[in-house]
Amino acid sequence: FPSHDMVMMAVLLSLPNVENFESSEQLEDEELWDEFYADVYDQLFMVPEKVKFEVGVIERDALSKYPASKISILDIGCGAGRFTIPLAKRGMSVVGIDYSEEMIKLAKELARKQISSEGKNLNLKYYCSDFLKNFNEKQKFDIVLAIGVFDHLNDPLTFLRKMKKVSKNKIIASFPKKYTA
């Protein structure tokens, strides 16, 4: 894995307007996620070809130097387990955290179905929590994911700093265009 500073520098360099961010730690309206997205999330984001490609990119990066059983991943804003389940199926130790209780319920149910259909235990845990307020910074992960999370934050710099604290080696994140222009 590249050094932590190099990864963070690359991420921060892609955010030239970082000083213009508003400051608020909350995600969008919780009811939107619990009452709307939990019902339609799979149709919107769990397109098999897209998920396979995205997981392949993460996996290729993660497995470039270490075997899967040695890699720990934190997926912030894990939703219904789009990345957590496939990465755990490949033998990685994965923790998913999401602000929405309904999304965590959906992820747990999908993981349970995977386990029962394949007869394979996964090293996978889910937590419904606010990453900024409640996640223990003493827990460290080889890779920290935040795909689609920054689209919903008002204070991404604070969020990114906390991600750096819990990452041993690498952060993989997506950023909305408004933060990169």
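Let's start with a word we'll need a lot: two residues are in contact when they have heavy atoms within 4.5 Å of each other. Keep in mind that you're looking at a predicted model, where local features need pLDDT of at least 70 and side-chain atom pairs count only at pLDDT 80 or more, while totals for chains, interfaces and linings use all residues. Residues are numbered from 1 along each chain as its sequence is written, and side-chain values use heavy atoms, with hydrogens and water left out.

Now try the contact idea on Leu-87. Setting aside residues up to four places away in sequence, Leu-87 touches Val-55, Ile-58, Glu-59, Ile-73, Met-92, Val-94 and Leu-145. Across the protein, take the contacts between residues at least 6 apart in sequence: 78% of them join residues at least 24 apart.

What is the protein built from? It has seven helices and five strands; here helices (H or I, at least four residues) and strands (E, at least two) are DSSP runs, numbered from the N terminus. Reading from the N terminus, the order is α-α-α-β-α-β-α-β-α-β-α-β.

Next comes the inside. A residue is called buried under 20% relative accessible area, exposed over 50%, and partly exposed in between (1.4 Å probe, protein chains only). Of the 181 residues in the protein, 48% are buried. Some of these form a nonpolar core, meaning a set of buried Ala, Val, Leu, Ile, Met, Phe, Trp, Tyr and Cys residues joined through side-chain atoms within 4.5 Å. The largest such core has 26 residues, and Ile-73, Leu-87, Met-92, Leu-124, Tyr-126 and Leu-145 have the most contacts inside it. At least two residues of this core come from each of helix 3 (48-62), helix 4 (84-89), helix 5 (101-118), strand 3 (124-128) and strand 4 (141-146). Which element gives the largest share? That's helix 5, with five residues. Apart from this core lies another one, of 19 residues, including Leu-74, Val-149, Ile-171 and Phe-175.

Let's move on to the rings. A pair of aromatic rings is described by the distance of the centres and the angle of the planes. Rings of Phe, Tyr and Trp (its six-membered ring) pair if their centres lie within 6.5 Å; planes under 30 degrees apart count as stacked, over 60 as edge-to-face and the rest as tilted. How many aromatic pairs does a search of the whole structure find? The search turns up four. Take Phe-135 and Phe-141: their ring centres are 6.2 Å apart and their planes sit at 40 degrees, so this pair is tilted. Both Phe-135 and Phe-141 are buried. Ring pairs also link Phe-131, Phe-135, Phe-141, Phe-150 and Phe-159 into a cluster. Over the face of Phe-131 you'll find Lys-162, at 5.3 Å from the ring centre; a charge sits over a ring if NZ of Lys or CZ of Arg is within 6 Å of the ring centre and within 35 degrees of the ring normal.

What about the cysteines? A disulfide is a covalent bond between the sulfur atoms of two cysteines, and the cut-off used here is a pair of cysteine sulfur atoms within 2.5 Å. A search of the whole structure finds zero disulfides. Cys-78 is buried at 2% relative accessibility, whereas Cys-128 is partly exposed at 41%.

Finally, visit a few polar residues. Asn-169 lies in strand 5 (residues 167-173) and counts as buried, at 19% relative accessibility. Its side chain makes a polar contact of 3.4 Å with the side chain of Asp-142; such a contact is a pair of N or O atoms within 3.5 Å, and within protein one must be able to donate a hydrogen and the other to accept it, with residues adjacent in sequence counting only if both atoms are side-chain atoms. Glu-54, in helix 3, is buried too, with a relative accessible area of 17%. Leaving out neighbours within four places in sequence, Glu-54 is in contact with Arg-82 and Phe-83. By contrast, Asn-121 sits in the loop between helix 5 and strand 3 and is exposed, at 71%.
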